[in-house]
Amino acid sequence: MTKPVAEVAAAKPVPAKSAALAPRPAGRRVRLTLSRIDPWSAMKVSFLVAVGLGIATVVMIAVLWMLLSGMGVFDQVNSMIEKIIGDADTEFNIMDFVGFGKIVSISIVLGVINVLLITALATLGAFLYNVCASLVGGLQLTLTDD
């Protein structure tokens, strides 16, 4: 049943401890074992990371090419090769070999190959880890919440 009002009023309140005086609880330590990696999950994550790296690589190569072109490096290479050849009849243009379209196309092809290789290697690595973990018990980790 409920307590009478006089009894509730007579109860002394318990003072709350201040946060500054309270001892800080020690961080818990948890020992975990990574016993299995799901290959499907490893494949999905590695695919997304590889696609991101591939896009970043293509953008980086395009920016580097524009930077070199803006600095006039390709024109200097052209004039140097023309001096080396020394033949006025032979026309040489470095842009036939390192034009923007060719460089970006090659970097896209290399990016796609990289995506396929990274995805396959990560998936294979997950399978190999699962086999090794079943033999030796897995990777043991100690985690804290400091």
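T119 counts as buried because its relative accessibility, at 11%, falls under the 20% cut-off. The model in which this value was computed is a predicted one. T119 is found in helix α5, which spans residues 100-136, and, when residues up to four places away in sequence are not counted, T119 touches M43, S46 and F47.

Helix α2 comprises residues 39-71 and packs with α5 at an angle of about 155°, the axes of the two helices lying 8 Å apart. Because angles over 145 degrees count as roughly antiparallel, α2 and α5 are roughly antiparallel to each other. The crossing in which α2 passes α5 is right-handed, and the residues of the contact of α2 with α5 divide into 20 nonpolar and five polar, with no charged residue among them.

With regard to the protein as a whole, five helices and two strands are present, and the order of these elements from the N terminus on is α-β-α-α-α-α-β. The protein has 146 residues, of which 16% count as buried; T119, at 11% relative accessibility, is one of the buried residues. Among the contacts between residues at least 6 apart in sequence, 82% join residues at least 24 apart.

Conventions:
Residues numbered from 1 in each chain as written. Predicted model: local features only at pLDDT ≥ 70, side-chain atom pairs only at ≥ 80, totals over all residues. Heavy atoms only, no water. Helix = DSSP H or I, 4+ residues; strand = E, 2+ residues; numbered from the N terminus. Buried < 20%, exposed > 50% of the residue type's maximum accessible area, 1.4 Å probe, protein only. Contact = heavy atoms within 4.5 Å. Axes fitted to C-alpha atoms, helices over the stretch in contact; angles between N-to-C directions. Parallel < 35°, antiparallel > 145°, perpendicular 65-115°, else oblique. Left-handed = near helix turned anticlockwise from the far one by under 90°. Nonpolar A, V, L, I, M, F, W, Y, C, P; charged D, E, K, R; others polar.
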